[in-house]
Amino acid sequence: MRSVKPKKALGQHFLKDLDVARRIAGTLSDCLSVPVLEIGPGMGVLTRFLLEEGHDLYVVEVDRESVDYLTQYFPELQGRIIEADFLKMDLASLFPGDFCIIGNYPYNISSQIFFKVLDYKDRIPCCSGMLQKEVAERLAASPGSKTYGILSVLLQAWYRVEYLFTVSETVFNPPPKVKSGVIRLTRNGRTELGCDEKLFRTVVKTSFNQRRKTLRNSMKPLLGKDCADYALPIFDKRPEQLSVEEFVELTCITARYLNGAGETNLLVNEERHD
């Protein structure tokens, strides 16, 4: 069978450097006790090393041509090659317990993939892989950084996020226009936020919708113009200055205000973007 032709509509850039693939597979070397789901295996350059390491591996691929290729060249994956859109999958029906995720993620859906990881955070102890360098740096950014944003906060509330190494655009077919970065997310010890989680997401997204302004201004869609709590020092800050713990504090302040104002039908915007 011939090689799979990369499809621009699917954001496919096939990794061809085996050393890089081996290093990415090694990011889950401590996760041999739980199943692993690889997203977008393409022609299996990463799949090969995951199998060599002994992972209980499943793969999900939306491209029919890639599925046919994997079926032919990886017979050990019989019954474990899932032709589906990862973003639409019910992962709980596939894995009854914990599982890990890895992949060379398509640039055009990488943020959506990590929002989905958050939906299963209590079942995913570790997640790693390669994505656009700019996005990878954003996920790992610390408070005070210009790249620190919505996904930085939401992921770091539950995971330790490590930027591991940079990958040149020259090791792909076709080469993308940007460099890539490999990251690893490892579940931290947090079991609860100390605030309403749904409201926490809303507060984070609302504050970053006007990231150049202080929280006194960016939080007006939730707290109105005349909230007495605006006198608190936290509202002098901009959202990128707040740690996860400070966002928890801001969420608690918001909850107290909304409850005191008799707010019972808060509309939560769950649009997934960063």
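Student: How many cavities of 30 Å³ or more are there?

Tutor: One. Keep in mind that this is a predicted model. The largest cavity holds about 40 Å³ of space.

Student: What makes a space a cavity, and what makes it a pocket?

Tutor: A 1.4 Å probe fits in a cavity but cannot get out, whereas a pocket is open. Rolling a probe the size of a water molecule over the atoms shows where empty space is left.

Student: Which residues line the largest cavity?

Tutor: Leu-118, Lys-121, Leu-154, Trp-158, Glu-197, Phe-200 and Arg-201. Helix α8, residues 197–208, gives the most, with three residues. By class, the lining has four nonpolar, no polar and three charged residues.

Student: How do you know that the charge of Lys-121 sits over the ring of Trp-158?

Tutor: The charged end of Lys-121 is 4.7 Å from the ring centre of Trp-158. The cut-off is 6 Å, and the charge must also be within 35 degrees of the ring normal. Lys-121 is counted as sitting over that ring. Lys-116 likewise lies over the face of Phe-86, at 5.4 Å from the ring centre.

Student: Why is the pair Phe-95 and Phe-99 called stacked?

Tutor: The ring centres are 4.5 Å apart, and rings pair within 6.5 Å. The planes are at 15 degrees, and under 30 degrees counts as stacked, so the pair of Phe-95 and Phe-99 is stacked. Both Phe-95 and Phe-99 are buried.

Student: What makes the pair Tyr-230 and Phe-235 edge-to-face?

Tutor: The angle between the planes is 80 degrees. Over 60 counts as edge-to-face. The centres of Tyr-230 and Phe-235 are 5.2 Å apart, and the limit for a pair is 6.5 Å.

Student: Are Tyr-230 and Phe-235 buried or exposed?

Tutor: Buried means under 20% relative accessible area. Tyr-230 has 7%, so Tyr-230 is buried. Phe-235 has 0%, so Phe-235 counts as buried too.

Student: How many aromatic pairs does the count come to?

Tutor: Eight. Tyr-58, Phe-95, Phe-99 and Tyr-120 form one aromatic cluster.

Student: What is the space in the largest pocket, and which residues are closest to its centre?

Tutor: The largest pocket holds about 550 Å³ of space. It is lined by 34 residues, and Leu-10, Gln-12, Gly-40, Asn-104 and Pro-106 are the closest to its centre. Several elements each supply at least two lining residues, including α2 (45–52) and β6 (126–132).

Student: Which classes make up the lining of the largest pocket?

Tutor: The lining of the largest pocket has 21 nonpolar, ten polar and three charged residues.

How values were computed
Residues are numbered from 1 along each chain as its sequence is written. This is a predicted model: local features need pLDDT of at least 70, side-chain atom pairs count only at pLDDT 80 or more; totals for chains, interfaces and linings use all residues. Side-chain values use heavy atoms; hydrogens and water are left out. Rings of Phe, Tyr and Trp (its six-membered ring) pair if their centres lie within 6.5 Å; planes under 30 degrees apart count as stacked, over 60 as edge-to-face and the rest as tilted. Buried means under 20% relative accessible area, exposed over 50%, partly exposed in between (1.4 Å probe, protein chains only). On a 1 Å grid over the protein atoms alone, a cavity is a set of points where a 1.4 Å probe fits but cannot get out, and a pocket is an open set with protein on both sides within 12 Å along at least five of seven lines; lining residues have an atom within 4 Å of a point. Grid points are joined across faces, edges and corners, and a volume is the space filled by probe spheres set on the points. Helices (H or I, at least four residues) and strands (E, at least two) are DSSP runs, numbered from the N terminus. Ala, Val, Leu, Ile, Met, Phe, Trp, Tyr, Cys and Pro count as nonpolar, Asp, Glu, Lys and Arg as charged, and the others, Gly among them, as polar.
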